[in-house]
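Subject: Structure for you to look at

Hello,

Here is the structure I promised to pass on. Please open it alongside this email; my notes follow below.

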Amino acid sequence: MRNRGILIVVFALLSLSLSAQVKRLSREAIDSIRNMKEAVNGDALLAFGVKVMDFGTMYENDSAKMFSFQFRNSSKKKVVLQSVSANCGCILSSCDKYEYEPGEEGTLHIKFNPKGRSGTVDKNIFVYAMTADDFHSDINGVRKSPTLVAKLTLLGNVVDKNEWRHLPVAMGSL
């Protein structure tokens, strides 16, 4: 009985020390991690006219559809489009070129494939860029990290290719 009491005390002390080491994050901190915010000066490099595009309704067996996001280099320096990443494998991106002079406009092409993606679509595309000066310079062999300049969003709905799936298979006696 005495060993059991000692075991309970040891367990309580261990759980207290472990809970003291866990850092609890606020809701804002969790949201900022889950939903990356674009850089405060993101529009200072590349200004996108439209950041949210709603394609409406597509069917799962439709072919892939292309969307275009127009942007302009709003800085006073040449900007290099470093990378474009999406939170889904159903999105491919391409661009006419990757270096833009001050004031020059460009188009980011996004290809969305609805196959196997039935339901509501809310996909994020993250655009990273940096000035050409930062791109071509490095400090002690380490290149400066690109800046998240835009978070683009693709919205819509993809209807299941078997649109009758929700109906009952047997209707009963007629």
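A polar contact here is a pair of N or O atoms within 3.5 Å, where one must be able to donate a hydrogen and the other to accept it. Keep that cut-off in mind for the serine discussed below. Note also that this is a predicted model.

Confidence and overall make-up

The average pLDDT of the chain is 77. A score of at least 70 is reached by 66% of the residues. Residues 27-35 fall below 50. Beyond near neighbours in sequence, that stretch has three contacts in the model. Where pLDDT is low, the predicted coordinates should not be read in detail.

The chain has 174 residues, and 28% of them are buried. It holds four helices and eleven strands. Take the contacts between residues at least 6 apart in sequence: 75% of these join residues at least 24 apart. The accessible surface is about 12,000 Å². Carbon and sulfur atoms account for 55% of that surface.

Strand 6 pairs with strand 4 in the antiparallel sense, over two bridges. Within this part of the sheet, V80 is opposite E99 of strand 6.

S75

Where does S75 lie? It is in the loop between strand 3 (65-73) and strand 4 (79-86). Buried or exposed? S75 has a relative accessibility of 14%. The cut-off for buried is under 20%, so S75 counts as buried.

Its side chain has two polar partners to look at. One is the side chain of N73, in a polar contact at 2.8 Å. Another is the backbone oxygen of K77, which lies 2.8 Å from a polar atom of the S75 side chain. Leaving aside residues up to four places away in sequence, S75 touches A44, L45, P102 and G103.

Cysteines

C90 is buried, at 4% relative accessibility. C95 is buried too, with a relative accessible area of 10%. How many disulfides are there? The count comes to zero, with a cut-off of 2.5 Å between cysteine sulfur atoms.

Best wishes

Note on methods. Residues numbered from 1 in each chain as written. Predicted model: local features only at pLDDT ≥ 70, side-chain atom pairs only at ≥ 80, totals over all residues. Heavy atoms only, no water. Buried < 20%, exposed > 50% of the residue type's maximum accessible area, 1.4 Å probe, protein only. pLDDT = per-residue confidence, 0-100. Contact = heavy atoms within 4.5 Å. Areas by Shrake-Rupley, 256 points an atom, 1.4 Å probe, with all protein chains shown as cover. Pairing = 2+ DSSP bridges.
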